[in-house]
Amino acid sequence: MKPKYQVSELFARTRDQPTGESILDAVTEVLRTKPVIWPEEIARQLGVKKQHLSGAVKILTGVSLETMLREWRMRQAMYYVSHTEMTFKEIAQKCGYSQTKTLTQAMEHYLHMTPYEYRYGCHREQIRRYRKRETISCNQVMVSAIHEAIK
């Protein structure tokens with residue numbers, strides 16, 4: 001799915017306020033261009049204050065911008081672990097984790113399993129059974145955008 005709005009066009013409008021869809025499209029577009037990014041950088045690229053962008057994302061998705069970015073990184077890592085033969089070190093670097101240990105800790109926190117266990121020993125049903133209910137609360141719009149961005 002291609003975003004309907006380019007990042008530069010989103011906040012260049014003088015009369016119209018951006019819609020929820022266009023805000024999420026713009027954030028997704030920024031993440032597609034540079035997956036390892038911080039909330040301040042996204043706001044700067046969109047030409048808005050971080051607090052305003054974070055508030056809009058919270059209203060639209062129910063999670064903060066920081067949480068959305070953590071979930072984005074985790075879903076990227078999950079995709080790379082399960083669909084590629086990249087090393088865990090390469091995946092950690094590509095997804096914005098400082099080292100493999102950080103990636104491992106994050107996956108254990110979210111999924112209650114290591115990247116190795118996720119890649120070689122577990123099926124989706126087992127993941128759902130072992131993880132906590134509130135581990136990843138990302139909405140379906142973001143999930144589909146992540147898969148499109150990674151492909």
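User: Which residues line the second largest pocket?

Analyst: Rolling a probe the size of a water molecule over the atoms shows where empty space is left. A pocket here is an open set of points on a 1 Å grid over the protein atoms alone where a 1.4 Å probe fits, with protein on both sides within 12 Å along at least five of seven lines; lining residues have an atom within 4 Å of a point. In this case the lining consists of Trp38, Pro39, Glu66, Leu69, Arg70, Arg73, Gly96, Tyr97, Ala106 and Tyr110. This is a predicted model, where local features need pLDDT of at least 70 and side-chain atom pairs pLDDT 80 or more, while totals for chains, interfaces and linings use all residues. Residues are numbered from 1 along each chain as its sequence is written, and side-chain values use heavy atoms, without hydrogens and water.

User: Which helix gives the largest share of that lining?

Analyst: Helices are DSSP runs (H or I, at least four residues), numbered from the N terminus. H5 gives the largest share, four residues; H5 and helix H7 (100-111) each supply at least two.

User: In helix H4, which residues are buried?

Analyst: Buried means under 20% relative accessible area, exposed over 50% (1.4 Å probe, protein chains only). Leu53, Ser54, Ala56, Val57 and Thr61 of H4 are buried. Seen down the axis of H4, they fall within an arc of 160° (taken from the directions from the axis to the C-beta atoms), so they line one face. The face turned away from that side carries exposed Gln51, His52 and Ile59.

User: What follows just after H4?

Analyst: Gly62, with a positive phi of about 90°.
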